[in-house]
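Reader: I would like to learn how to read charged side chains in a model. Please take me through one.

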Amino acid sequence: MNRLAIASVTAAAALGIAGGAGYALASGDDTGGSDVKVRDTTPVDASGPAGDGPLYFLHGTIHDGDSEVEADGVDADLVVAVEHDGDGYVLVSSGDTDALKAVHVADDGTTRPTGVPGEEEREAATDGESGPAAWAPRSPSGDLLLTGMLVDDGPPPSELVVRDAGTGEVVHRFDPGGYRLAAAWGADDATVYVATGSDGTAKVALRRCKVATGTCTTLLEAEGNLVLGSAS
C-alpha cells in the first residue's frame, strides 16, 4: 500500500468519514479526456457565479475561489481536511499513529499549530452505516446534513444523501458516480462539491453538484491528494 493509500485509511479510521482524497484515483464516467501528467491540473468547466468557486487543497496549495495560498512546510500527501479559520485557513493532517494534527495557515502561507475542529458536527451526522460525507457536514444555513455510506477501508460509493438536520429525514439523494474521495458544501444549501475517482487511472475529478436536481458538472481533473472544504 502506497503512502497516499495509507493516509486515506488512517484518516477514515480516525474521523469515521472519508474526509480526504488520499487515494490518487480518478473519474471515468461521463467526462472522458486524455491522460494527464503527474501533478497536472486539467480545468474542464470552471463556469459559475463569481466568488462561488470551491475551497480545496491540492499539491501544497489552498485554492479558494480566485485566491491561492501555498502552505509552508505542510506534507500535502497527509492532509485530510481544509476549512476557513478566521483570517486564514485550517489544515488537518493524519499521521502514522492515527493522531490528527491541525495548523492555521495565514494568507502569506505561514503556519502555526491550532486545534482540530468540527468533531461535534461529524458525530451529529452519524447513523448506522451512514455518516458524515464531509469534514463539516452541516449546510451553510444549518438546516441540512450531508451524509453518505461509511466503509472500513478505502473510499466509499459516491452516492450522497442530504438529510434534515432536525429530523434526520432524507430530503435529497444524488450520485456523481465512481468512488467518493471528498465532499463539501458550496456557498449555500443548493450546491455540493465532490471529488470522485475510479479504478484504473490516477486522476481525480472535482465536480459541482446541484442538490435539488442531482446534476453534476466537472470543474477539473488532477492527480494527487485533492481535499475539499466548505466554500461558505
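Author: Begin with a pair. Arg173 and Glu159 join their side chains in a salt bridge, at 3.9 Å from N to O. This is a predicted model.

Reader: Where in the chain do Arg173 and Glu159 lie?

Author: They come from distant parts of the chain, 14 residues apart. Arg173 is in strand S12 (residues 170–174). Glu159 is in the loop between strand S10 (144–149) and strand S11 (160–164).

Reader: How do I class the accessibility of Glu159?

Author: Use the cut-offs: buried is under 20% relative accessible area, exposed is over 50%, and partly exposed falls in between. Glu159 has 34%, so this residue is partly exposed.

Reader: How many salt bridges does a search of the whole structure find?

Author: The search finds two. Besides the pair above, Glu221 forms one with Lys203. Their closest N and O atoms are 3.6 Å apart.

Reader: Which parts does the pair of Glu221 and Lys203 tie together?

Author: Glu221 belongs to strand S16 (residues 216–223), and Lys203 to strand S15 (residues 203–210). The bridge therefore ties together parts 18 residues apart in sequence.

Reader: Are Glu221 and Lys203 buried or exposed?

Author: Apply the cut-off of under 20%. Glu221 has a relative accessibility of 5%, so it counts as buried. Lys203 is buried too, with a relative accessible area of 5%.

Reader: What does the side chain of Glu83 reach?

Author: Here, look to the backbone. The Glu83 side chain reaches the backbone nitrogen of Ser230 at 3.2 Å. Glu83 sits in strand S5. Its relative accessible area is 10%, so Glu83 is buried.

Reader: Which residues gather in a patch of negative charge on the surface?

Author: For a patch, look for residues with over 30% relative accessible area and no salt bridge, with like charges joined within 9 Å. In this model, Glu68, Glu70, Asp72, Asp87, Asp107 and Asp108 make up the negative patch on the surface.

Reader: Take one of them. Where is the place of Asp87?

Author: Asp87 is in the loop between strand S5 (79–85) and strand S6 (88–93). With a relative accessible area of 59%, Asp87 is exposed.

Definitions and conventions: Residues are numbered from 1 along each chain as its sequence is written. This is a predicted model: local features need pLDDT of at least 70, side-chain atom pairs count only at pLDDT 80 or more; totals for chains, interfaces and linings use all residues. Side-chain values use heavy atoms; hydrogens and water are left out. Patches are made of residues with over 30% relative accessible area and no salt bridge: like charges are joined within 9 Å, nonpolar side chains (Val, Leu, Ile, Met, Phe, Trp, Tyr) within 5 Å. Accessible areas come from the Shrake-Rupley method with a 1.4 Å probe; for residues, only the protein chains shown count as cover. A salt bridge is a side-chain nitrogen of Lys or Arg within 4 Å of a carboxyl oxygen of Asp or Glu. Lys and Arg count as positive and Asp and Glu as negative; His and the chain ends are not counted. The place of a charge is taken as NZ of Lys, CZ of Arg, CG of Asp or CD of Glu. Helices (H or I, at least four residues) and strands (E, at least two) are DSSP runs, numbered from the N terminus. Buried means under 20% relative accessible area, exposed over 50%, partly exposed in between (1.4 Å probe, protein chains only). A polar contact is a pair of N or O atoms within 3.5 Å; within protein, one must be able to donate a hydrogen and the other to accept it, and residues adjacent in sequence count only if both atoms are side-chain atoms.
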